[in-house]
Amino acid sequence: MQVAATSGVARILKAEGIPWVSTFPTCCVNNALGQEGIPMLMMRDERYAVAVADGMSRVTGGKKIGVCTVMGGTNPAGLQVAYGALAQAYEDSSPLLCITDGVPAGAGGNSRHDIAWGFEAVTKWIGQIDQPQRVPELMRRAFTYLRTGHRGPVLLTVPRNLGEYDEDEHPYTPVKGWKWAPDPDDVTAAVKALLAASSPLLYVGEGVFYADATAELLHLAELAQVPVLTTLKAKSAFPENHPLSLGVRGELAEDWLRKCDLLFAIGTSLSRGVFRHAIPDARHKTIVHCTVDEFDVNKTYKADYAVVGDAKLALQALVNELSSQTGGGIKRKQALIAEIRAGRERFMSRYRPLLESNDKPINPYRVYGDLMKAMDPHSSFVSPDSGNTRDQTTTVYQAVIPHGFLGWGNVSTLGFSLAAAMAAKLAYPERQCVNITGDAGVGYMLGNLEALVRHNIGVTTIHINNGGFSGYGPGFWGNGHDPYTCVVSDHSISDMSEAAKALGCYAEHVTEPSEILAALKRAFDENAHNRPAYLEFICCQYPVFGQWVTGEGTAH
Ligand SMILES: Cc1ncc(C[n+]2csc(CCOP(=O)(O)OP(=O)(O)O)c2C)c(N)n1
Ligand SMILES: [Mg+2]
């Protein structure tokens, strides 16, 4: 049967189980998507259209691929705005599919901007559909790359009026994605090294999410009795209330990074960056690097042992090998567990008073403390934004289920937390979904709150209003940028809760610490009726949080 290229794209997305497509007008496939019955989420700009799709891919570990459409072709205003969001997805290895208008045959060379050239640097692959019958072929390739190996965003271009093709002649079968297991000899050697270490550490990255391997990770950690540290992006891959958990950052993490003699990295590139630990004194440690991407091996650190393959298959092989080398695993290490517990207690004794603080303006930690009381950690989702909210929550928020928290940001673009919470609510409708942002993040989000109202998406946005861009105020880099680029209008002048209310959200502003819990509960009640909520807490600036270890002796 003959089918228009755009309808073919829509039918293939349906066959691939894509539940919705986010967009900002317009793109030549949009009408076909609607006609084929695919729900569309119309955001208020392309950055958010891409970011919601990106969020979907992240919060499901790539099980559901986020798809978005934006305007391209010879007037690629939309695609140009989408660049930043695609760049962030590429930097963070998020497998989303972005569809845009292609330049029709014969129309090239008229504009200065060349889509393929412009976006090669921020995509895993670009597929340019130049003939209608190539729709199945290029869609098949797109889903192969989205579901296989090191993940990343894919861009597909479809020119307007491309014509029709015969579906029977060019059928489509959904793509499962493929994975490969590591060399068994490498697994044996890595386990031998792990067992020979006196103070090993498991260092876990988000590859474990994309391999759907959190259960295998837990199994290995318990079998080997090794403490677990996760990267920012892997926060929640290992239950943070587990006796072997070291969290993400803070003294406990720092202490173990320094004292471990073997670092067993899995699902992380071990790259250097602003939002991650370096490995201190790496020269004198044994490094085992388990990754799906050979480009990461021997990059920042020399790998003494490498285990190259899918994290799930690797962890299963490691578990089996460890079992056989130890005759069923290692006995519970009581002393190790007591040491971690004591370290965590020391660390929390500094933060607990803040989580319960009655100070006014409110200490932001008090908001996080009450949030942890108001939510069931077994059925919730939290994502912070760029700025202090990221630094503070990744220090104290305890995530206990996979994808209960989304940490993000090799590059952390302000405002992404709203898109993440929105995607999480769509992926896990039964969960309470919350995003926590500062003053700068809110500025990016405001228009898009209307999209949540229109689509009846019940998430709560917590705004920690500390009257400025506190990361750039005094206390960070000496005097920081005080007062030139860190002060914003205070609440008496710019009342963001009134703005959110006017957009249709349930909104409150809260100045009393004693009112936080009740306000959260009211917001969650509104969310239960599919209404987004926005809570503005008038807080002090409190740039205190766990540090990243910046490594001396990083290369070896
Ligand atoms: C798109 C983008 N531009 C700039 C930055 C740099 N940046 C990081 S945090 C921040 C200010 C954050 O201030 P606020 O949201 O008030 O949070 P606070 O640290 O005060 O809690 C800026 C400008 C960024 N992360 N993303
Ligand atoms: Mg602020």
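Author: What follows is a set of questions about the terms used for this predicted model.

Reader: What makes the five-strand sheet an open one with edges, and in what order do its strands lie?

Author: The order of the 5 strands is S15-S16-S17-S19-S18, with parallel pairing. Strand S15 (380-384) and strand S18 (506-510) each pair on one side only, and these are the edge strands. From one strand to the next, the twist averages 15°.

Reader: How do you know that S18 and S19 are paired?

Author: Two strands pair if there are at least two bridges between them. S18 and strand S19 (residues 533-538) are joined by 5 bridges, so they pass that cut-off, and they run parallel. One position to look at is Glu508, which stands opposite Leu535 in S19.

Reader: Which strands does S16 pair with, and over how many bridges?

Author: S15 is joined to S16 by 5 bridges, and the two run parallel. Pro384 has Ile436 in S16 as its bridge partner. S16 also pairs with S17 in the parallel sense, over 4 bridges. There, Asn435 stands opposite Thr461 in S17.

Reader: Why is S16 called mostly covered?

Author: A residue is buried if 20 or more other C-beta atoms lie within 10 Å of its own. In S16, 6 of its 6 residues are buried. Gln432, Val434 and Ile436 are on one side, Cys433, Asn435 and Thr437 are on the other, and both faces are covered. In a regular strand, side chains alternate between the two faces of the sheet.

Reader: What lies across this part of the sheet?

Author: Helix H15 (residues 416-427) lies across S15, strand S16 (432-437) and strand S17 (460-465). The helix runs at about 175° to S16. H15 has 12 residues and reaches 16 Å from its first C-alpha to its last, close to the 16 Å expected.

Reader: Why is H15 described as largely enclosed?

Author: 12 of the 12 residues of H15 are buried, so the rest of the structure largely encloses this helix. Among them are Phe416, Met422 and Lys425. The cover over the buried residues of H15 includes helix H3 (46-59), S15, S16, helix H16 (439-454) and S17.

Reader: Why is H7 called oblique to H11?

Author: Helix H7 (residues 184-196) and helix H11 (residues 311-326) pack at an angle of about 55°, with their axes 9 Å apart. By the ranges already given, that makes H7 oblique to H11. Val187 and Val191 of H7 and Leu318 and Leu322 of H11 are among the residues that make the contact. H7 passes H11 in a right-handed crossing.

Reader: Why is Glu498 called partly exposed?

Author: Glu498 lies in helix H17 (residues 496-503). It has 13 other C-beta atoms within 10 Å.

Definitions and conventions: Residues numbered from 1 in each chain as written. Chains lettered and ligands numbered in written order. Predicted model: local features only at pLDDT ≥ 70, side-chain atom pairs only at ≥ 80, totals over all residues. Axes fitted to C-alpha atoms, helices over the stretch in contact; angles between N-to-C directions. Contact = placed C-beta atoms within 7 Å. Expected span 1.5 Å × (residues − 1). Parallel < 35°, antiparallel > 145°, perpendicular 65-115°, else oblique. Left-handed = near helix turned anticlockwise from the far one by under 90°.
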